[in-house]
Amino acid sequence: MPLEDFNEIVSKMTLEEKVSIVVGVGLPGLFGNAPSRVPGAAGETHPIERLRVPSAVFADGPAGLRISPRREGDELTYHATAFPIETMLASTWNREILEEVGRAVGEEVREYGVDILLAPAMNIHRNPLCGRNFEYYSEDPLLTGEMAAAFVRGVQSQGVGSCLKHFAANEQETNRFFIDTVVSERALREIYLRGFEIAVRKSKPWAVMSAYNKLNGKYCSQNKWLLTKVLREEWVFEDFVMTDWFAGDNPVEQMEAGNDMIMPGKAYQINPKRKDEREEILNAVKEGRLSEKILDRNVRNILKVLINSPSFKGYKYSNKPNLDAHARVAYKAGAEGVILLKNDGTLPISVDKRVALFGTGQIETIKGGTGSGDTHPRYVVSLLEGVRERGLKIDEELAKIYIKYVGEMRNREEYKVRWGVLGEFMPIVPRLPEGFLSEKDIERFAENNDVAFIIISRISGEGYDRRPEKGDFYLSDDERSLVDRISRIFHKYGRKVVAVLNIGSPVEVVSWRGLVDAILLIWQAGQETGRIFADIITGRINPSGKLPTTFPRDYWDVPSWNFPGEPRDNPQVVSYDEGIYVGYRYYDTFGVEPAYEFGFGLSYTTFKYGNLKVENTGNMVKISFEITKTGSFPGKEVAQVYIRAPRGVIDKPFQELKGFHKTSLLNPGETEKVEIEISVDSLAIYNGDRWIIEKGRYEVRVGSSSRDIRLIGSFTI
Ligand code: BGC
């Protein structure tokens, strides 16, 4: 639309109409609100029919589009693809894959009639217990920003928008509506804002969602420093900001701070203390407490984006996205995100090996977390179905025992799946006890099989954090006893034992990993989880994922020990006292040994690094090296470049990730030349109130993980 037409629309709007643009219609389909034209979408804007401004539809989320799969009185179904969770996508370290997933999700967004996808979520893995870590990429801001930028490019290539969330410092679920996150400006700039900055600059997202929490005393949605100074003035973000759902407490302050749109609208429907946002804004303008210019600015920011939306353009969506093609994308992404944590040669297994699957997760396979990051796919291939489909020789007697057990237990009152506060939004799934097999049974299965796989599953979701207890961060007693007994008995018969982690965020492994021969981290891989699992264990896929987040030895090693804030029984404030020392920045600098370090992941093959060249051209540091595949299996490698800054006058981490590259599939003997450019600006440290670059010798550390450094070079500034 030409700018004049657009300006004309705004100039013709009445005050009431302007106000209706900046406040959503209320949660569609709930509390007596009209259902969305896309049932299950999270939000919608008001139309202005007189000016031919249509309503726009917004829907979640990070692992695929979240809409209702069924509609009342309608025979058709509206399933969307369940992709791997974001943490698993980041484990691929593959920008192209992220872009491909983005394109697939974007097509579903467009073909189901949605305008803006409420993803990617890009908060930092500050603590492994955050209930929504699965929705976030990494503990590192560079990896986070690069993954997000690639995903957004993919989504927006489809003519729909992407919304970065939750801006910013929203690293926990406990009291998320009002917790005050207290964090130094340095940690904000270098860690918590950096990923957003990269994504804003590199991919121009249509929207940003401000977070629920307060940031240093002010709600993010009412925080002018965050939304205007940093986001717009410094990063030159030109599109619009929306609140998280029902966030903040002052619509007028939100308008002033640069939070253009209030979502979903009608907060009074869930909170009696709140008023109608539209009335509040209208009255404030009429009484001179809010300048109409600010309202105009916000309306423009929003409309400037929405005129490019499919709804505005009158796009005729099909309700028939290419789900088959997208299932292949989900498979491909998951295949690259699996991480082999331990392997004494047990994996891969040949297809004629007899396989025994233990753990209820083989049936109740976790595809992703709950809440707004959930999805409703056509199917989820469980681990059991996956190995059956791929024709592995599984112990069918054992499989039947598990199917019967799970079926019976879920019928019992105490194990029934219950619905949480917002209906299907947050189901509560009690964990089933794992200790029901007798020693005699296990003896028989050990006699009859070559390899045991023990599945350990965890699910978490929006609204609550995980706990540093048995059954969550630690194995429960029954899980531990299953691992003990199976390992002991299978090993007695000379058999192998593999643990399979079907989880969204780290668990404790150190106390039991010595008992098993291999550990495979399959995360929550979406609808194709079972197929990916079967193909990884048989070597059809060579694992090439690397950890985007550290596995600590013990929960109490985590630097953010005060998570989720003070006072303990009902936290009001969470203070990020560890500053910039998050994840590997902490473990490396303070000499704390992790269970598995950031960037770690084994392969069925080996790679050799060589020929490092480093050149400082002034603005850019050019780094090149070669990776040669030495082992017999074809495979991909993720090369990571860490920079160790000179000691200087300001304290800083031992090393920081500044670049990475995933190779193509290399055949035995094949070499790939890798070239990585690092901008000198990205070496800056935030000191007091400005960025500075310290002079001296910088060490370039090229590695296969953060602790497996293969090449070292340097440059001087
Ligand atoms: C979540 C957002 C989500 C929104 C709409 C909120 O509760 O925090 O991530 O996009 O709901 O579903």
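**Quick briefing**

The centres of domain 1 and domain 2, taken over C-alpha atoms, sit 36 Å apart. Domain 1 covers 338-543, while domain 2 covers 605-716. Keep in mind that this is a predicted model.

**What's packed inside**

- As a rule, nonpolar side chains in soluble globular proteins tend to be buried together.
- Here, the largest nonpolar core counts 88 residues. L65, V101, F151, F167, Y192 and L657 are the ones with the most contacts inside it.
- Helix α5 (residues 141-156) supplies the largest share of this core, with eight residues.
- There's also a second, separate core of 68 residues, with V387, I519, L547 and Y596 among them.

**A tucked-away helix**

- Helix α2 (residues 15-22) is largely enclosed by the rest of the structure, because seven of its eight residues are buried.
- Those buried residues of α2 are L15, E17, K18, V19, S20, I21 and V22.

**Out on the surface**

- V417, W419, V429 and I459 make up a nonpolar patch on the surface. Together they have about 360 Å² of accessible area.
- Is W419 buried or exposed? W419 is exposed, because its relative accessible area is 58%, and the cut-off for exposed is over 50%.
- You'll find W419 in strand β13 (residues 418-420).

Key
Residues are numbered from 1 along each chain as its sequence is written. This is a predicted model: local features need pLDDT of at least 70, side-chain atom pairs count only at pLDDT 80 or more; totals for chains, interfaces and linings use all residues. Side-chain values use heavy atoms; hydrogens and water are left out. Domain bounds come from an automatic or database domain assignment. Patches are made of residues with over 30% relative accessible area and no salt bridge: like charges are joined within 9 Å, nonpolar side chains (Val, Leu, Ile, Met, Phe, Trp, Tyr) within 5 Å. Accessible areas come from the Shrake-Rupley method with a 1.4 Å probe; for residues, only the protein chains shown count as cover. A salt bridge is a side-chain nitrogen of Lys or Arg within 4 Å of a carboxyl oxygen of Asp or Glu. Helices (H or I, at least four residues) and strands (E, at least two) are DSSP runs, numbered from the N terminus. Buried means under 20% relative accessible area, exposed over 50%, partly exposed in between (1.4 Å probe, protein chains only). A nonpolar core is a set of buried Ala, Val, Leu, Ile, Met, Phe, Trp, Tyr and Cys residues joined through side-chain atoms within 4.5 Å.
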